[in-house]
Amino acid sequence: MSKKKSKSFIGIDVSKQQLEVAGHESDYHFRCPNKASAFGKLIAELIALRPALIVLEATGGLERSVVSALQAVGLPVVVVNPRQVRDFAKALGQLAKTDRLDARVLAHFAAAIKPPLRSLKSKDEQELDALNGRRGQLIEILTDEKNRRASAATDSVRDQIKEHIDWLEKRIAELDQQLKALVQSSAPWQAKDQILQSVPGIGPVVSFSMIADLPELGTLNRQQISKLVGVAPLNRDSGQHRGTRHIYGGRARLRSVLYMAAITAARHNSVIKEFYQRLRANQKPFKVAITACMRKLLSIVNEMVRDSSCWKIKEAPVFA
């Protein structure tokens with residue numbers, strides 16, 4: 001380990017086995033195991049550095065324990081999207097990749113971008129996020145198994161897959177009950193759930209996903225919430241060229257759930273249905289029309305949560 005210096009911006013590269021720590025514009029470097037018993041030494045190192053900001057990448061959950069430990073002692077830590085960091089590294093011309101270099105890039109990213117801090121998730125929020133994430137995983141496995149069953153070569157294999165499908169459906173039903181009980185245990189979540197499920201096209205799955213994956217709902221304007229989820233069309237213009245606008249980035253897991261909600265709403269929600277049919281009548285492609293419905297539905301529920309107002313068909317245009 002090199003000599004310590006007080007530096008404002010710190011990057012931590014997270015892997016399954018270890019944590020690589022680096023400072024911005026510094027030769028400071030520290031490494032420790034990625035396990036709770038080593039976090040005390042890491043915290044002592046970081047407190048001595050008096051950092052203005054510590055940045056880590058989201059790594060599929062490997063970062064959660066250390067982030068919770070750092071936040072618990074009041075250190076300014078934020079988890080960022082890996083894609084943003086990769087693009088940042090490319091812009092710097094940093095093509096080589098090692099854990100130590102990645103930590104340095106994260107520290108540089110912290111200094112240059114200064115991503116905003118987010119509040120520490122409560123134990124219930126972490127549990128809701130974990131249960132909702134696990135449900136999404138099981139849904140993916142269930143879909144794959146149903147596809148495999150349809151193309152199974154023999155009856156015995158088909159029967160085995162059917163047994164697994166039944167097991168998965170049972171586990172998903174149990175998770176749904178756990179999610180429902182957890183949401184009902186919190187008065188704010190219960191109120192938000194009631195608002196969301198009052199909207200035609202939004203059921204328990206979409207509601208629980210929004211509560212878990214979009215805590216900002218009701219606190220941002222419609223442009224901000226659309227960009228956050230990833231349903232805002234982004235320009236692709238250069239000089240005289242006017243490119244086709246596309247959605248990009250955002251929260252993919254929530255966006256896939258919102259897509260299914262928009263499909264349902266386009267059939268059963270009079271406001272979204274009329275909007276969808278008008279777009280299709282104007283020769284808009286299906287995906288363009290449904291994406292617009294996703295954005296409109298999101299804007300509606302965002303304002304409903306903001307105003308603590310349940311769905312009322314006569315008032316629906318106000319939320320458009």
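Student: I'd like to start with helix H8. How many of its 10 residues are buried?

Tutor: Good place to begin! This is a predicted model, and in it eight of the 10 residues of H8 are buried, so the helix is mostly covered. To read burial, look at relative accessible area: under 20% counts as buried. In H8 the buried residues are Val 206, Ser 207, Phe 208, Ser 209, Met 210, Ile 211, Ala 212 and Asp 213.

Student: Which helices do those buried residues pack against?

Tutor: The buried residues of H8 pack against H5, H6, helix H7 (187-197), helix H10 (252-268) and helix H12 (286-307).

Student: Let's take H5. How do I read the way two helices meet, and at what angle do H5 and H8 cross?

Tutor: Look at the separation of the axes and the angle between them. The axes of H5 (residues 123-150) and H8 (residues 204-213) come within 9 Å and cross at roughly 130°. That angle makes H5 oblique to H8, and the crossing is left-handed.

Student: Which residues make that contact?

Tutor: From H5 come Leu 128, Asp 129, Asn 132 and Arg 135, while H8 supplies Val 205, Phe 208, Ser 209, Ile 211, Ala 212 and Asp 213. Sorted by class, this contact has five nonpolar, two polar and three charged residues. When you look at such a list, keep in mind that an α-helix has 3.6 residues a turn, so residues three or four places apart point the same way.

Student: And how is H5 oriented relative to H6?

Tutor: H5 and H6 (residues 155-184) pack with their axes 9 Å apart, at an angle of about 160°. Angles over 145 degrees count as roughly antiparallel, so H5 is roughly antiparallel to H6. H5 passes H6 in a left-handed crossing. The residues of this contact divide into 14 nonpolar, three polar and 13 charged.

Student: Could we step back to the whole chain? How many helices and strands does it have?

Tutor: The protein chain has 12 helices and seven strands. Its C-alpha trace spans about 65 × 60 × 45 Å along the principal axes. Of the 320 residues in the chain, 42% are buried. Among contacts between residues at least 6 apart in sequence, 60% join residues at least 24 apart.

Student: What should I look at in a strand residue such as Val 80?

Tutor: Check its cover and its neighbours. Val 80 lies in strand E5 (residues 77-80) and counts as buried, at 6% relative accessibility. Leaving aside residues up to four places away in sequence, Val 80 touches Val 55, Leu 56, Glu 57, Ala 58, Val 85, Phe 109 and Pro 115.

Student: What about cysteines: how many disulfides are there?

Tutor: A disulfide is a covalent bond between the sulfur atoms of two cysteines. Here the count comes to zero disulfides. Cys 32 is buried at a relative accessible area of 6%, and Cys 293 is buried too, at 0%.

Key
Residues are numbered from 1 along each chain as its sequence is written. This is a predicted model: local features need pLDDT of at least 70, side-chain atom pairs count only at pLDDT 80 or more; totals for chains, interfaces and linings use all residues. Side-chain values use heavy atoms; hydrogens and water are left out. Axes are lines fitted to C-alpha atoms, for helices over the stretch in contact, and angles run from 0 to 180 degrees between N-to-C directions. Helices (H or I, at least four residues) and strands (E, at least two) are DSSP runs, numbered from the N terminus. Angles under 35 degrees count as roughly parallel, over 145 as roughly antiparallel, 65 to 115 as roughly perpendicular and the rest as oblique. A crossing is left-handed if the near helix is turned anticlockwise from the far one by less than a right angle, and right-handed if clockwise. Contact means heavy atoms within 4.5 Å. Ala, Val, Leu, Ile, Met, Phe, Trp, Tyr, Cys and Pro count as nonpolar, Asp, Glu, Lys and Arg as charged, and the others, Gly among them, as polar. A disulfide is a pair of cysteine sulfur atoms within 2.5 Å. Buried means under 20% relative accessible area, exposed over 50%, partly exposed in between (1.4 Å probe, protein chains only).
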